[in-house]
Amino acid sequence: MNHDPYQWGRPSDQTYGQYNHAIANAKNAPAEHDSFPKMNTQNPIITSTSVLGIKYKDGIVMAADNLGSYGSLLRFNNIERLIKVGKETVVGVSGDISDFQQLQRILDELETEQEVYDNFGDNNLRAPHVHEFLSRVLYNRRSKMNPLWNSVIVAGFNDDRSPFLKYIDMLGVTYGASTLATGFGSYLAVPLLRKVIPEDKDYVNVSEEEAKKVIMDSMRVLFYRDARSAETFTLVTLNSEGVKYDKQVQVSNQSWEFAKDITGYGSKQL
Amino acid sequence: MFRNNYDNDSVTYSPTGRLFQVEYALEAIKQGSAAVGVASKTHVVLVGLKRNAEELGSYQKKLIKIDNHMGVALAGLAPDARVLTNFLRKQAMNSKLVFNRPLSTSSAVLSIADKAQENTQSYGSRPYGVGLLVSGYDETGSHLYEFQPSGSVLEYYGASIGARSQAARTYLEKNLEKIRESASMEELIVHGLNALRDTLSQDVELTFKNTSVSVVGKDTNFTVYEDEDVQQWLDKLDSVTNSSNRNDEDEEEDAGAAAEAEGNDAGNQDTTEDRMETDE
């Protein structure tokens, strides 16, 4: 038997005449002579939704749910997307999960190289360095027309111990703000977060409790309205005491009481 | 007659566990003119004595800038120093580009130490024939390192390399406290020049032509003072000649004598089966 799938099931030319290659632009060339020598990622497969981040007086609060969607199928529900890099930096990743896992490996390697090898303990890797590094990685990949399909938020501290919060996406675009979100969150959550921090410098007026509350509220709104979001998420708090993970947090205080009063789509009364 | 079998390449140990090619490379440093480094808590100063091959020639540069916060002084083969400093510059730029942070002095100096070490255990290569004093100011403060072609790297508060550098070392040891407590970079530079002055042989004095000064530190980018710009620092010295050397008999003596004086016992350890001198 010929094991080349290209050779399977071709109607014999003798019986049916020459195959019309114009149909569906099909090609008859063998695979190795394909006009595409190599195909890069053209779209994400397993995806994850928003990451949220907000600065407060002496730290940062971040959140991201634990869902990996396969298209509209909510396929994986135990994915941790907020990863710790070094001692005091958290990187939150949304977008393609396989590319996220690749980033995870790159960051693990970075940590080994920079924090362990040849280090006298004076060369600590901090958030601004991780952010710069990631922006180089992502920009480099998109410049090769082979992007890592992710949006990333890096949280940590500056040299002067002030909170650090910056964004990078698959194009290598970066920006920083006191409130940041990726994906759906940038439409739904950022407006809520900005009510707490109207201007960038105002983060100094926000307490940890206030920051946590607005993140919890934003996660609830996202669960209401984002069809690719999940009810359980991870909440991370960074402050002078270190990095604290709250896992398996549930969206709470949902209001569905009103639903029973809605009937039909217009004139229906019953 | 006494040809030595153990110094043909850098991968062969002598029966006493020495690598002669590496030791010859260290010898090349002693042939180079002297360089001195001193570090206070806020600044690091490097000074070097430049040599010219002949009256009409220019003076060989002793100080090389790596980055705004780092620079080196060399003694030995200048081309080897160029290779190493170009590598350091690459490391510094990489750190700036990839991490947006200045290269730390310790990782800089360890990176060239690793390069040098490789050349001591691979066939067909030779060790670098240059010693470096690496000065840097980073987030952990001021640092002064001595790099040797053996791959060894040590941190110092005061260090000197090159011909007659033992004399400078003596000055540094005597004045260590004052050097460490230097409040200003001016004070530190004067200490550096005083130490350098002690390496001078008879009939030579520090002039703006043969002296190079560099400083790096808190709020001070690495700066090299050369030619006329050095005069301001020389003016701060009580004398530009080596007073202890004025009635020096042998003009030709150099590092060899100094080394002998301090380490006679070490020199006598040589046995006939394991000797280094191949010249005769």
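The side chain of B:Thr211 reaches the backbone oxygen of B:Thr207 at 2.8 Å. This comes from a predicted model. A polar contact also links the side chain of B:Thr211 to the side chain of B:Asn210, at 2.8 Å.

| Partner of the B:Thr211 side chain | Partner group | Distance |
|---|---|---|
| B:Asn210 | side chain | 2.8 Å |

**Setting of B:Thr211**

B:Thr211 sits in strand β9, which covers residues 211-217 of chain B. Is B:Thr211 buried or exposed? B:Thr211 counts as buried because its relative accessibility is 0%, and the cut-off for buried is under 20%.

Leaving aside residues up to four places away in sequence, B:Thr211 touches B:Gly48, B:Lys50, B:Leu193, B:Leu196, B:Leu206, B:Tyr225, B:Val230 and B:Leu234. Take B:Leu196 from that list. In sequence, B:Leu196 and B:Thr211 are 15 residues apart. In space, their C-alpha atoms are 9.1 Å apart.

**Chain B as a whole**

Chain B holds nine helices and ten strands. Of its 280 residues, 50% are buried. The chain exposes about 13800 Å², with 47% of that supplied by carbon and sulfur atoms. Among contacts in chain B with a separation of 6 or more, 67% join residues 24 or more positions apart.

**An annotated segment**

UniProt, in an unreviewed entry, lists residues 6-28 of chain B as "domain: Proteasome alpha-type subunits". In the model, residues 6-28 of chain B are 39% helix and 0% strand. The end C-alpha atoms of that segment lie 18 Å apart.

Notes:
Residues are numbered from 1 along each chain as its sequence is written. Chains are lettered from A and ligands numbered from 1 in the order in which they are written. This is a predicted model: local features need pLDDT of at least 70, side-chain atom pairs count only at pLDDT 80 or more; totals for chains, interfaces and linings use all residues. Side-chain values use heavy atoms; hydrogens and water are left out. Helices (H or I, at least four residues) and strands (E, at least two) are DSSP runs, numbered from the N terminus. Buried means under 20% relative accessible area, exposed over 50%, partly exposed in between (1.4 Å probe, protein chains only). Contact means heavy atoms within 4.5 Å. A polar contact is a pair of N or O atoms within 3.5 Å; within protein, one must be able to donate a hydrogen and the other to accept it, and residues adjacent in sequence count only if both atoms are side-chain atoms. UniProt positions are given in the numbering used here, feature names are shortened, and annotations may be inferred rather than shown by experiment. Accessible areas come from the Shrake-Rupley method with a 1.4 Å probe; for residues, only the protein chains shown count as cover.
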